[in-house]
Structures are given as structure tokens and as C-alpha cells.
Amino acid sequence: MALLASFTLIAITLLVVVPSSIADAKFISEVCDGVSDHPDCMEVLSSDPRSVNATTRVELQSISLDICTAAAREGEKTSEEEKAKHEHERDEKLGLALDMCSSEYNQAGHTLENARKDFGNHAYNEAARKIGEASFAADNCEKAFYNQGANNIMKQMNKKMDDRCDICWQLIF
């Protein structure tokens with residue numbers, strides 16, 4: 001009897017949870033269909049567990065803005081960690097490039113915090129403008145390595161930031 005009760009409970013749970021998860025994935029997919037050149041949009045949005053509970057485009061936009069802001073903070077932290085890791089090499093060009101990256105990502109984080117305020121005030125065009133501005137952190141970090149002639153150890157992080165900001169910008173704009 002206990003086995004039958006357990007089986008029934010599992011079956012009911014699957015009937016409720018699985019269709020809900022499929023519907024959530026479908027909603028995220030529909031929203032991501034409007035995002036060009038980013039086949040990873042669903043993966044990016046789904047990286048935040050709150051996205052499965054989102055029922056409106058605005059909720060996914062907000063989550064995307066948080067993901068973008070987290071990437072800026074991660075970029076600043078990664079720059080500082082890489083600088084500490086390579087400090088013993090005394091590579092001045094690498095150090096200068098990483099300083100520039102850290103500064104760019106720090107500024108991007110502040111810009112995205114301001115974008116969050118605009119988003120909360122329904123000033124979506126202004127929020128989108130600031131998201132676009134923050135995305136330049138990745139480009140400027142890339143340029144810092146190029147201009148210094150240093151090995152670009154931030155390439156993957158810069159791509160991550162650029163992708164997340166572009167997805168966010170497209171969702172909001």
C-alpha cells in the first residue's frame with residue numbers, strides 16, 4: 001500500500017511539474033526568438049533560476065539585466081585575479097591592460113546599476129542606452145590588450161560580457 005501511495009505521489013508530481021517546466025522553456029524560447037545572433041539566449045536566461053518562474057517579458061528583461069550586471073562584476077574580479085596571478089611575471093604591458101579592463105568593468109557595473117534604476121522607473125530606452133554603453137567595457141578591454149601588445153587573457157570574459165549585454169539590450173530595446 002505504501003508503494004502504491006509513493007507511486008501515485010510521484011506520478012502526480014510529474015504531471016504538475018513537467019508540463020510547467022515545458023511551458024517555462026517555451027516562454028523563454030518565444031522571448032529569445034526575438035534576439036538576433038545569439039543562439040545561446042535560452043541558455044543565458046536559464047542560467048538564472050528565477051527565469052523558470054518568469055511569466056512576463058518584463059520579468060525576463062529584469063533577469064537579463066541582473067545577468068549582465070553580474071558579468072560586469074565578474075569581469076572586474078577576473079581582471080584583478082589575473083593581475084595578481086601574473087604579477088610575478090613583471091609584464092608591464094599585461095598589467096596595464098588588466099588595469100584598464102578592471103577599470104572598464106568597474107565603470108560598466110556602475111552604469112548597469114543606473115540602468116537598473118531606469119528600468120525600475122520604466123525608462124526602458126534610457127536603460128537600454130546605458131546597457132549599450134556598459135557593453136563597451138568588453139570592447140575597451142580587448143583594445144587595451146591590442147594597444148599594449150599583450151597576450152589577451154580576458155578574451156573569454158569579454159565575449160561573455162558582450163553577449164550578455166547584447167542579449168539584454170535586445171530584450172529591452
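The protein chain holds six helices and zero strands. Helices (H or I, at least four residues) and strands (E, at least two) are DSSP runs, numbered from the N terminus. This is a predicted model: local features need pLDDT of at least 70, side-chain atom pairs count only at pLDDT 80 or more, and totals for chains, interfaces and linings use all residues. Residues are numbered from 1 along each chain as its sequence is written, and side-chain values use heavy atoms, leaving out hydrogens and water.

**Whole chain**
- Along the sequence, the pattern reads α-α-α-α-α-α.
- Of the 173 residues, 40% are buried (under 20% relative accessible area, 1.4 Å probe, protein chains only).

**α3 and α4**
- Helix α3 spans residues 57–86 and helix α4 residues 92–120.
- Their axes come within 8 Å and cross at roughly 160° (axes are lines fitted to C-alpha atoms, for helices over the stretch in contact; angles run from 0 to 180 degrees between N-to-C directions).
- That makes α3 roughly antiparallel to α4 (angles over 145 degrees).

**α5 and α6**
- Helix α5 (residues 124–148) packs with helix α6 (residues 155–172) at about 165°, their axes 9 Å apart.
- The two are therefore roughly antiparallel to each other.
- The contact (heavy atoms within 4.5 Å) includes Y124, A128 and I131 of α5, and K155, W169 and I172 of α6.
- Its residues divide into 11 nonpolar, three polar and four charged (Ala, Val, Leu, Ile, Met, Phe, Trp, Tyr, Cys and Pro count as nonpolar, Asp, Glu, Lys and Arg as charged, and the others, Gly among them, as polar).

Terms used: Angles under 35 degrees count as roughly parallel, over 145 as roughly antiparallel, 65 to 115 as roughly perpendicular and the rest as oblique. Buried means under 20% relative accessible area, exposed over 50%, partly exposed in between (1.4 Å probe, protein chains only).
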